[in-house]
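Hello,

Please open it first and then read on.

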Amino acid sequence: MSRPRSRTGFTLIELLVVIAIIAILIALLLPAVQQAREAARRTQCRNNLKQLGLALHNYHDNFNQFPPGAFWNMPVSATCTNAPGNPAVRHDKSGILVQLLPYIDQAPLYNLFNFTQCNSELSTFPASTVELRTTVIPAYLCPSNTWGPKTGANGVANYAACMGAGNTGGATGNPACMCPNTPFQTWLRPNTGSVGVPGMFTRQYRTTSMRDCTDGSSNTIFFGETRPQCSNHHAQPWANANNGQGLTSTLIPINYNSCDRSTPTPNPACGHFCNWVTELGYKSQHTGGTHLLYGDGTVRFGSENMDMNLYANLGSKADGNPASPD
């Protein structure tokens, strides 16, 4: 008699069962892995803002004032080497993210910037054809943002200085991309101090110091997250003057969707990235809100469901209204 052959492999049914079990385990594990990765990205993003807070305070220690959000549309003077006294030349000299470079271990890059020219943000490195604005600064980027480190050839930033609950775009915003801002006027706060905006920063080359923050540094937003893909201004190079620094408002609800890049522009354009009213708010790709840097150097997560009166108060440096982020 012939001996029965022993079985040395899996049947098709057994193989399918094993594959199904493995697939189920992967499906159960994948969300946990994604959550862990996002938690790590959020931690890095929060640390970036903490570094900006330290940089701001170190700058203040040296100069007894904070840098302005931007040196934008300044009067042209004899200090310009390329167009002294010529009012037809715009005098834009970068912004706060350039001024903070020496305080985030980027002093060599800061020293390459040419402050003697009008419109110096367009100037190039000495003996080089690479423009300053093309440089990517990792400390200015949130790893959760999917837009990437550049808009075209230009390095961008995911963080912007706060002008408080101020009006960014007039009655309708960009004339070519209009959206009535009436719903946001409810939370408008009065301009206070020499900077002419409710918050600590403006793009109008005016400065503040800690003594201007009479509402308390722990109750005043200094910086927050932005999404370049959702804003015409924030998509500008981080080294430019007109990139939303000192122009980002706490009038706009957190994570307001202004990410529509469709063509032609819809009318009204409230959700379009080109509208000056809705694009200049704090936004992130973190679920439920965005990180906000306060004047005392702490970073807290601001919920997109935050009460708007509270949010407006937190953005303002001296409105006298009670506010606590906790």
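**What turned up**

The charged end of arginine 261 sits over the ring of phenylalanine 273, 3.8 Å from the ring centre; such a charge counts if NZ of Lys or CZ of Arg is within 6 Å of the ring centre and within 35 degrees of the ring normal. Arginine 203 does likewise with tryptophan 72, lying over its face at 3.6 Å from the ring centre.

Before going further, please note that this is a predicted model, where local features need pLDDT of at least 70, side-chain atom pairs count only at pLDDT 80 or more, and totals for chains, interfaces and linings use all residues. Residues are numbered from 1 along each chain as its sequence is written, and side-chain values use heavy atoms, with hydrogens and water left out.

**Aromatic pairs**

Searching the whole structure gives eight aromatic pairs. Rings of Phe, Tyr and Trp (its six-membered ring) pair if their centres lie within 6.5 Å, with planes under 30 degrees apart called stacked, over 60 edge-to-face and the rest tilted. Phenylalanine 184 and tyrosine 256 are edge-to-face because their planes stand at 75°, with the ring centres 5.9 Å apart. Phenylalanine 184 is in the loop between β3 (159-164) and β4 (221-225), and tyrosine 256 is in the loop between β5 (248-249) and β6 (289-294), so this pair ties together parts 72 residues apart in sequence. Helices (H or I, at least four residues) and strands (E, at least two) are DSSP runs, numbered from the N terminus.

Phenylalanine 184 is buried at 7% relative accessible area, while tyrosine 256, at 25%, is partly exposed. Here buried means under 20% relative accessible area, exposed over 50%, and partly exposed in between (1.4 Å probe, protein chains only).

Phenylalanine 201 and phenylalanine 222 are another edge-to-face pair, since their planes are at 85° and their centres 5.7 Å apart. Phenylalanine 201 belongs to the loop between β3 and β4, and phenylalanine 222 to strand β4, 21 residues apart. Phenylalanine 201 is buried at 1%, and phenylalanine 222 is buried at 1% too. Together with Phe66 and Phe223, they form one aromatic cluster.

**The sheet and a buried glutamine**

Five strands make an open sheet in the order β5-β3-β4-β6-β7, with mixed pairing; two strands pair if DSSP finds at least two bridges between them. β5 and β7 (299-303) are the edge strands, each pairing on one side only. Between β3 and β4 the pairing is antiparallel, over three bridges, and alanine 161 has phenylalanine 223 in β4 as its bridge partner.

Where does glutamine 245 lie? Its place is the loop between β4 and β5, and glutamine 245 is buried at 3% relative accessibility. A polar atom of its side chain lies 2.8 Å from the backbone nitrogen of alanine 161. Not counting residues up to four places away in sequence, the contacts of glutamine 245 (heavy atoms within 4.5 Å) include Arg203 and Phe223.

**Nonpolar cores**

A nonpolar core is a set of buried Ala, Val, Leu, Ile, Met, Phe, Trp, Tyr and Cys residues joined through side-chain atoms within 4.5 Å. The largest has 31 residues, among which Leu52, Leu56, Tyr140, Phe223 and Trp238 touch the most other members. α1 (12-63), α2 (96-99), β3 and β4 each supply at least two of its residues, and α1 gives the largest share, six residues. A second, separate core has 19 residues, including Phe184 and Tyr294.

Best wishes

Methods: A polar contact is a pair of N or O atoms within 3.5 Å; within protein, one must be able to donate a hydrogen and the other to accept it, and residues adjacent in sequence count only if both atoms are side-chain atoms.
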